[in-house]
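Thanks for coming. I have one structure to go through today, so please look at the screen.

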Amino acid sequence: SEGLAAAGHRVDMIMNGTGPTHAHAALRAIPFARADWASYDVIKTLFHSGFQSLWEEGGADHPFIISKLGSVVGKHDSTDGVYFFDREREELFAIQERINERSRYVTLLTDASRRLWEELFGRSDKLLHVPTGVDRDVPHSRANPYRHFREPIAVYAGNIYGETQTEMNRLWQDRLNRIGRLLRRKG
């Protein structure tokens, strides 16, 4: 959003509650109640919850919606690599069905998500693979590039979930603990 605003586009970040202030005059944070959906050329939603909010607030009939998804869920709890289950997975799948019907483009983070989406909804030119900023290949071990900082260094490794997605939470805890053990050995 900031990049588009800096390039001279008028961008509204539509959200519930109050948003952050921004340096670009063309980037505004406005509440859903003030959104005039018809005045926008493009609406981009963030994750299932963003599309669901757009749906609930009456903007899902817009002709140009781009939906960014972080995860794709299957029709069944047994879908390999999916850590949403029961009612939560069912609700997310229902949102995906609406996204498939209403969005001009759907951005997915991984090839696995794209394969699952295509298995569920068929192949389509509207799918865009927009990977995260994480390197695809882990670089070879070398000296710590942050050793000159006195502050502790944090590594962002994904979301840690609370009472939902307990399986994913255990998976991330295991990954982070393995990283911690390796780092401890290296001092």
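Leaving out neighbours within four places in sequence, Thr45 is in contact with Gly50, Phe51, Leu54, Ile65, Ile66, Ser67 and Lys68; contact means heavy atoms within 4.5 Å. This is a predicted model, where local features need pLDDT of at least 70, side-chain atom pairs count only at pLDDT 80 or more, and totals for chains, interfaces and linings use all residues. Residues are numbered from 1 along each chain as its sequence is written, and side-chain values use heavy atoms, with hydrogens and water left out.

Thr45 sits in strand β3, residues 43-46. Helices (H or I, at least four residues) and strands (E, at least two) are DSSP runs, numbered from the N terminus. Is Thr45 buried or exposed? Its relative accessibility is 4%, so Thr45 counts as buried (under 20% relative accessible area; exposed is over 50%, partly exposed in between, with a 1.4 Å probe and protein chains only).

Next, the helices. Helix α2, residues 47-56, packs against helix α3, residues 86-102, at an angle of about 70°, and the axes are 10 Å apart. Axes are lines fitted to C-alpha atoms, for helices over the stretch in contact, and angles run from 0 to 180 degrees between N-to-C directions. The two helices, α2 and α3, are therefore roughly perpendicular (65 to 115 degrees; under 35 is roughly parallel, over 145 roughly antiparallel, the rest oblique). On the α2 side the contact is made by His48, Phe51, Gln52 and Trp55; α3 supplies Leu92, Ile95, Gln96, Arg98, Ile99 and Arg102.

Finally, the whole chain: 5 helices and 6 strands.
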